[in-house]
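Subject: Structure handover and notes

Hello,

The sequence and the structure are below, and my notes follow them. Please read the notes with the coordinates open.

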Amino acid sequence: STNNISRIGSSFVKITSLETLNLSNNQLVSFPFMAVNFTGISTLNISNNRLIYCPESIARLSLLEVLDISNNQIKILPASICHLKSIESIFASNNEIENL
């Protein structure tokens, strides 16, 4: 976290056993799609960036328990977020969400 990262390189996909990914407090403007390939991930923190959307593919994270997308510019939460069977907490405050 807090590295002024604006994009994620493809070398990240080589990591196979990631459980927690913290990309908070950076400069990401698009959702890091490589994150949905880490199907064993339980915590994803991409708060305090400049994201404008959360993709439908988030549902691929079947073991995700904590999702923190707070303090971004997200306007719409994908319907697929309802398919996260292991989810315990979603933090989405301080966004521009229009409806649920």
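Strands in these notes are DSSP runs of type E with at least two residues, helices are runs of H or I with at least four residues, and both are numbered from the N terminus. This is a predicted model, in which local features need pLDDT of at least 70 and side-chain atom pairs count only at pLDDT 80 or more, while totals for chains, interfaces and linings use all residues. Residues are numbered from 1 along each chain as its sequence is written, and side-chain values use heavy atoms, with hydrogens and water left out.

Overall picture

The chain has four strands and zero helices, which gives the pattern β-β-β-β along the sequence. Of its 100 residues, 38% are buried (buried is under 20% relative accessible area, exposed is over 50%, and partly exposed is in between, with a 1.4 Å probe and protein chains only). Taking contacts (heavy atoms within 4.5 Å) between residues at least 6 apart in sequence, 21% join residues at least 24 apart.

The four strands make an open sheet in the order 1-2-3-4, with parallel pairing (two strands pair if DSSP finds at least two bridges between them). Strand 1 (20-22) and strand 4 are the edge strands; each has a single partner, so one side of each lacks a neighbour in the sheet. From one strand to the next, the twist averages 5°, where axes are lines fitted to C-alpha atoms, for helices over the stretch in contact, and angles run from 0 to 180 degrees between N-to-C directions. Strand 1 and strand 2 (residues 43-45) run parallel and are joined by three bridges. Within that pair, Leu21 is opposite Leu44 of strand 2.

Asn72 sits in the loop between strand 3 (66-68) and strand 4 (89-91). Its relative accessibility is 6%, so Asn72 counts as buried. A polar atom of the Asn72 side chain is 3.1 Å from the backbone nitrogen of Leu51; a polar contact here is a pair of N or O atoms within 3.5 Å, where within protein one must be able to donate a hydrogen and the other to accept it, and residues adjacent in sequence count only if both atoms are side-chain atoms. Leaving aside residues up to four places away in sequence, the residues that Asn72 touches include Ile46, Asn49, Leu51 and Asn95.

Asn95 belongs to the segment after strand 4. With 17% relative accessibility, Asn95 is also classed as buried. The side chain of Asn95 is 3.1 Å from the backbone nitrogen of Ile74, and a polar atom of that side chain is 3.0 Å from the backbone oxygen of Ala92. With residues up to four places away in sequence again left out, Asn95 touches Ile69, Ser70, Asn71, Asn72, Gln73 and Ile74.

Positive phi

Most residues other than glycine have a negative phi. Asn71, not a glycine, has a positive phi of about 60°. Asn71 is in the loop between strand 3 and strand 4 and, at 28% relative accessibility, is partly exposed. Asn94 also has a positive phi, near 55°. Asn94 lies in the segment after strand 4 and, at 56% relative accessibility, is exposed.

Regards
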